[in-house]
Each structure stands twice: as C-alpha cells, then as structure tokens.
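Here are my notes for a first look at this structure. Please keep the sequence and the model open while reading.

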Amino acid sequence: MKTVALAVTDGMLHFELSVAYEVFGSDLTHLIDPWYDFSVHGPSAVRVGRFHLEPDHGLDRLPYADTVIVPGWADVDVDPPAELVDAVRAAHEAGARVASLCTGAFVLAAAGLLDGRRATTHWGHTQVLADRYPRVEVDPDVLYVDNGSVLTSAGKAAAMDLCLHLVRLDHGSAIANTVARRLVVPPHRAGGQAQFVNRPVPAQEDHPLTGLLPWVVERLDRPLTVEDLARQARMSSRNLGRHFRAATGTTPLQWLLVQRIRRAQELLEATDDSVDAIATATGMGTATTLRRHFNRTVGVPPDTYRRTFRSRSRVEGSGPDLGPGLGSGPDPHPGLGLDLDLGLDLVTPPGPR
C-alpha cells in the first residue's frame, strides 16, 4: 500500500492541508483497494489557523513514507522550522516522493530540494521565492511542476490539481477522474496551463465555444482542422483563434492536440487496442504520428505508458467497472467552466516505486 505523509507544523495554511487530507485521507477503497495509507506527521499538537491538529506521528517518521506532502507555509517572510526542513530533506534522501502545495515550496527550497530544478508556487510569491533561492528555476505561469521525485504546485485550487495528478500517476486516469467528480472539480487541468487568465471566461450559455467543444470531443477520430472548427462555430478562423486564446489561453490546434493525447492515454490504460487502432481512434492517423506527439507531450512512448499503468494495476489491484462516462472518457465540456484544460505540459509517470 502506498503511504502518504502530511508534514505539518505551526504556521501552515489550512486550505491546502485540507485538500491533501480530502484526496489521500478519505476512505476510497470502494474505488480501488488498497487506497492510500494516510497519516499526519508533526511535532506534538499543531495550530493551523484557528484549528488545532493532533498528528499521528512525529516528523522523524517522514522518511518511512512513499509520498510526503508539504502544505502551504503561511508567512513566507519567516523561515520554516529547521526540524520540518530537515525531516523533509531526510524523507527525500530516503527515496520519498515530495510534493509541496502552494507556498510549501519555500520549505522544499529551504531543504535544497529545488536547487537546479524548475518549480512554482502561488503567483503572488514567485518573485520572493526566486529572489531568496536563486538556484531555483521559478516558473510563475504554471499550475504545477513535476520533476519526478519533487513536485510543486501553485496556490489554492492548483493544490487540488497536483493532488489529483499524483492519484493519476499512481492509479490511472479513470480513478483520478472519478475522485475529481466526487469532489466536483475538473478531472484534469494540465500542469503547464497558466495560473490565471486575465480575461474571465464568460458564462457557458453565452460563450461562443460552448457548443463547439463537446462537438469536437465527440469527433476526435476525424482529421479536424481549424477551418472545420470555425465553420462549426459559424465564425472566421481568426475570430475563433481570438475566442480560444481569451477563454483558454491557448490555440485551437493546441487544445485539440491535448484532447487527442488525453483520449489516447485513456485507451492505453483501459483497452488492449493496438497503437495503430488508438492512432485512428484519436485522429492521429498513423502510429508514427501518435508516437511522435505522445512522446513529445507525455515524455514516454505509448507502449511504455501502457506498461507502466498495467504493471501498477497488477501490483495494486484494478479499479471497479466505472460504467460509461465515469472516468472512461474526457469531460463532456473540457475547456469551459471549471475544466480549463489548456496546456500541453502533460507529465510523465515516473514509474512504480
């Protein structure tokens, strides 16, 4: 069973802490058994905002966890406690996957885990992080960054994105999507999308892309062009591009490629279809084209991706039959409302530990 340890001390942010507890600490064995063995680690009683928390174990037990989660650090102008920094560093040296939520990145940076690595935090504190830790490559424009054994997220809602990303790496897209639906949050927002879009997304019933996006998702097996999308939306290609950029921060073709790759991931996880068949089903045309885009976007070839999740399934047990529409396909309205799946920075599962 994968063990997840939440590292806490006085001065943590309760929202990010609660997000991690909700995802990893809830009993979701009805989805997949075993789920996570979750515990809270801290120095005696901890005060988190107006809440008091009783840890299960001391910080000295962090190195025994498979994954360590560091919630947001409330006051970035104050150095995090040395005992927390030392414990997080020791856990990583022992082989744990370490993930920070929001300003928890300051704890990882203090531990030296972000030196020479790309990382992010809440957009309001990225410059502070960059100034204080010049060896860290701070990216202020993404939701989360996955470096394999070290992961960082932006603020607030992005903490949920990173937690669901970890579930996706461990248990596959179907389980992660079902957890997301339980929490009434987007099933997948790629880590590379912007932390915020300057122009707000209009209400769905008024937005010119509302009818277009589900129409596209239902036709991913077809060789769609920007002109096809513009024709369906009854607007010029240039006008379509402006609407896509304003609503999602990306281009129609980039968004379309993300949807094709997502569908390919789901088919690789859930079916025995050949790469050629999946290339046809996702509109990639040939296995060569699928492999090129998949490898460039996800970071591994389709066959490696499939073996990774199949090996996890054999070791950890397979999930239940989720039925049609529950984790077996893309969100019916990707790109609007809550699910702004914008970027191409889909990340590679680092392999079972």
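1. Strands β5 (residues 67–70) and β6 (residues 97–100) run parallel and are joined over four bridges. Within that pairing, Val68 has Val98 of β6 as its bridge partner. Bear in mind throughout that this is a predicted model.

2. Now widen the view to the sheet. Six strands make up an open sheet, ordered β2-β1-β5-β6-β10-β9, with mixed pairing. The edges are β2 (37–41) and β9 (144–146); each has a single partner strand, so one side of each lacks a neighbour in the sheet. From one strand to the next, the twist averages 15 degrees.

3. What packs on the sheet? Helix α1 (residues 14–25) does, touching β1 (3–7), β2 and β5. The direction of α1 makes about 155 degrees with that of β2.

4. Is Glu16 buried or exposed? Its relative accessibility is 0%, so Glu16 counts as buried. Beyond its neighbours within four places in sequence, Glu16 contacts Pro71, Gly72, Leu101, Cys102, Lys156 and Ala159.

5. Cys102, one of those contacts of Glu16, sits in the loop between β6 and α3 (105–110). Cys102 is not a glycine, yet its phi is positive, near 55 degrees. With 2% relative accessibility, Cys102 counts as buried.

6. Compare Ser44, in the loop between β2 and β3 (46–48). Ser44 also is not a glycine and has a positive phi of about 55 degrees. At 57% relative accessibility, however, Ser44 counts as exposed.

7. Check one more backbone feature. The peptide bond from Asp33 to Pro34 is cis, with omega near 10 degrees. Pro34 belongs to the loop between α1 and β2.

8. The largest nonpolar core has 69 residues. Phe24, Leu62, Val68, Ile69 and Val88 have the most contacts inside it. Helix α5 (residues 157–171) gives the most to this core: nine residues. Apart from it lies another core, of 18 residues, including Val216, Ala230, Ala247 and Leu256.

9. Leu62 shows what such a position looks like. Not counting residues up to four places away in sequence, Leu62 touches Ala5, Ala7, His41, Val68, Ala87, Val88 and Ala91.

10. Helix α6 (residues 173–183) is mostly covered, with eight of its 11 residues buried. Among them are Ile175, Ala176, Val179 and Leu183, but also Ser173, Asn177 and Thr178. Just after α6, Val184 takes a positive phi of about 55 degrees.

11. How do α10 (residues 252–270) and α12 (residues 287–298) pack? Their angle is about 95 degrees and their axes are 11 Å apart. That makes α10 roughly perpendicular to α12. On the α10 side, the contact uses Leu257, Ile261, Ala264, Gln265 and Leu268. On the α12 side, it uses Leu290, His293, Phe294, Arg296, Thr297 and Val298. By class, this contact has seven nonpolar, three polar and one charged residues.

12. Last, the whole chain. The protein chain has 13 helices and 10 strands. Of its 353 residues, 54% are buried. Among contacts with a separation of 6 or more, 71% are between residues 24 or more positions apart.

Terms used
Residues are numbered from 1 along each chain as its sequence is written. This is a predicted model: local features need pLDDT of at least 70, side-chain atom pairs count only at pLDDT 80 or more; totals for chains, interfaces and linings use all residues. Side-chain values use heavy atoms; hydrogens and water are left out. Two strands pair if DSSP finds at least two bridges between them. Helices (H or I, at least four residues) and strands (E, at least two) are DSSP runs, numbered from the N terminus. Axes are lines fitted to C-alpha atoms, for helices over the stretch in contact, and angles run from 0 to 180 degrees between N-to-C directions. Contact means heavy atoms within 4.5 Å. A nonpolar core is a set of buried Ala, Val, Leu, Ile, Met, Phe, Trp, Tyr and Cys residues joined through side-chain atoms within 4.5 Å. Buried means under 20% relative accessible area, exposed over 50%, partly exposed in between (1.4 Å probe, protein chains only). Angles under 35 degrees count as roughly parallel, over 145 as roughly antiparallel, 65 to 115 as roughly perpendicular and the rest as oblique. Ala, Val, Leu, Ile, Met, Phe, Trp, Tyr, Cys and Pro count as nonpolar, Asp, Glu, Lys and Arg as charged, and the others, Gly among them, as polar.
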